[in-house]
Each structure stands twice: as structure tokens, then as C-alpha cells.
Amino acid sequence: MVKKSPLKFFVLSLFLIALDQAVKLLVHFNMEPGFAGQIRLVGDWFKLHYVLNPGMAFGMQLGHEYGKLLLSLFRLVAMGGIGWYLVHLAHRGAPNGLLWAMAMILAGAVGNVIDSTFYGVFLDNAPYGSTTPWFHGQVIDMIFVDIWEGFLPDWVPVWGGQYYSTPIFNIADSCIFVGVCIILFFQRRFFHDQQEEEGLLPDDPSPENASVLPADEFEGTTAVNSEKDSDPVPTDDPPTNPQRHAADDERIH
């Protein structure tokens, strides 16, 4: 097992976090929310569309009075857990593809945590009636792939009969989505390679950790081996019979 430094993977996370925040702030200070400020980038299907998302990725929400606060706290815990796991994988010599994917997921988690934690204070975008602007900031979304919109059929559970369109998301959401997809698509390769590496070499191949046979067991093993070595070696000659040799001598005389 070859330990790796997690530094370069954290550098990727920092770059993606900075890119995500820069795009969000540019959209906030230079675009009007909703259809009024919509910008078409590629035809009518790829657009910049400024919306505020009070919930989870792709506009999903927790329908509870303290749902936003719980979501923000969960994001903080998840961010710490993902960061620790990235370091753990790097120290265990995990494949680079898995580490890059984890770095992307970490960047996405941190990007949305910044929005939820601080935007309610510094951008004053906390939902009306929030108990505190801290941890109630709304996430800025802007990437709109407009390929479908309309009313869902009534037979669809929970959301049936409501109007929906394809989700509007941000760079942080994209990082999480792409990172998870990479892990799912290549999971057998990632974890199979890691298991092979763990099976070939010990965690700490230092001489101090080498196993030493106790002296009494060593002497006992030597005695057994000596007894085995002293056993007579069988030959191909048939065994001699004294009586038979005596009878042969009488006939001769």
C-alpha cells in the first residue's frame, strides 16, 4: 500500500468552490431573478436562469418548520465526514479516480454549505419569517437545461397534478452529481484495485512489525525436524531372512 498526499485533491476542491462562489455572486449582482433576467446560451434549451433555492439540490425541500436549519446542520456534518473520508482514502492508497471524485463531492457540499450558512446574512436572501438569517440562506441556482416542462400526471405519487420543469441547478450541484456518477460507474474497478493493493502489502511493512517465533516453539520445531531427519531411509533391497539363509547352506553341504 502506497500512501498518497490528499493535498492535490483538496486543491481541486478549493478551485471548484471558488468557481462555484464566483459564478453565484456574478449572477446575484448582475442578473434579475426569474424569466425577466433569463439569458439564452444555446438555443432555447440551455439558459442562465437566476432562482433562489431554499432547500436541497435541484430545488428539493424539507417540508418542516425547522427543515432548513436541519438541512444546513446536516450539510455541515456531511462536509466534515467527506473531508475526513478523503484523507482516509488517500492514506490507504485508493485509486486516483476515486479520490478525484471524492474531491468533487466535497467541493459541492462546501459550496452549498457556504450559501446556507452565510447568504442569509451577507446577501439578505433568507426566506421571510426565518427565525435567524444564519443557516437559513438560500442557495443561488442558475443553470437551466430546459428540455421539459408541464403538469405531472395525477397518478404520480406526491407530485401528481403539479407543474414542473427540468431542475435549475448550480456548479456545486453538478460537482456532487458528477462525482457520485463516477463512483457508481467505476466502483468495481476502484474498490477491486484497492482490495488487491491491501492484499499485496501490509499496512506497515517495517522490520519492527515482523513476527518472531518464540524460543521454546523454535526449539520444539527443531527437535521434531531432527527426529524426522534421523528416521531410516527406505531402500529398494528386500529384507533379509536368517532362517532362509541357514536352509540354503544345509542344501549346499
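UniProt positions are given here in the numbering of this chain, feature names are shortened, and annotations may be inferred rather than shown by experiment. With that in mind, the unreviewed UniProt entry lists residues 69-87, 99-122 and 168-186 under "transmembrane region". This is a predicted model: local features need pLDDT of at least 70, side-chain atom pairs count only at pLDDT 80 or more, and totals for chains, interfaces and linings use all residues. Residues are numbered from 1 along each chain as its sequence is written, and side-chain values use heavy atoms, with hydrogens and water left out.

**Overall layout**

- The chain has 7 helices and 6 strands; helices (H or I, at least four residues) and strands (E, at least two) are DSSP runs, numbered from the N terminus.
- Read from the N terminus on, the elements follow the order α-β-β-α-α-β-β-β-β-α-α-α-α.
- Of the 253 residues in the chain, 31% are buried, where buried means under 20% relative accessible area, exposed over 50%, and partly exposed in between (1.4 Å probe, protein chains only).
- Contact here means heavy atoms within 4.5 Å. Among contacts between residues at least 6 apart in sequence, 64% join residues at least 24 apart.

- Residues 99-122 are 100% helix and 0% strand, and the C-alpha atoms at the ends are 33 Å apart.
- Residues 168-186 are 79% helix and 11% strand, with 27 Å between the end C-alpha atoms.

**The sheet**

- An open sheet is formed by 4 strands in the order β1-β2-β3-β6, with antiparallel pairing; two strands pair if DSSP finds at least two bridges between them.
- Its edge strands are β1 (39-42) and β6 (168-169), each of which pairs on one side only.
- Helix α1 packs on this sheet by touching β2 and β3 (139-145), and the direction of α1 makes about 90 degrees with that of β3. Such angles run from 0 to 180 degrees between N-to-C directions, and axes are lines fitted to C-alpha atoms, for helices over the stretch in contact.
- Strands β1 and β2 (residues 46-53) are joined by 3 bridges in the antiparallel sense, and Val42 stands opposite Phe46 in β2.
- Between β2 and β3, which also run antiparallel, there are 6 bridges; here Asn53 faces Val139 in β3.
- The antiparallel pair β3 and β6 has 2 bridges, with Phe144 opposite Ile168 in β6.
- How much of β3 is covered? Mostly: 6 of its 7 residues are buried.

**Leu41 on strand β1**

- Leu41 lies in strand β1 and counts as partly exposed, at 45% relative accessibility.
- Leaving out residues up to four places away in sequence, Leu41 touches Phe46, Lys47 and Leu48.
- Leu41 and Phe144 are 103 residues apart in sequence, yet 9.9 Å apart in space, C-alpha to C-alpha.

**Helix α1 against helix α4**

- Helices α1 (residues 7-30) and α4 (residues 171-185) pack at an angle of about 145 degrees, and their axes are 8 Å apart.
- Which residues of α1 meet α4? They are Leu16, Leu19, Asp20, Val23 and Lys24, and their partners in α4 are Ile171, Ala172 and Cys175.

**The nonpolar core**

- A nonpolar core is a set of buried Ala, Val, Leu, Ile, Met, Phe, Trp, Tyr and Cys residues joined through side-chain atoms within 4.5 Å. The largest one has 32 residues, and those with the most contacts inside it are Leu86, Leu98, Leu99, Met102 and Ile140.
- At least two residues of this core come from each of α1, α2 (67-91), α3 (96-122), β3 and α4; α3 gives the most, with 12 residues.

- Most residues other than glycine have a negative phi.
- Asp124 has a positive phi, near 55 degrees, and is placed in the loop between α3 and β3. At 66% relative accessibility, Asp124 is exposed.
- Phe135 is found in the loop between α3 and β3, with a positive phi of about 65 degrees. Phe135 is partly exposed, with a relative accessible area of 26%.
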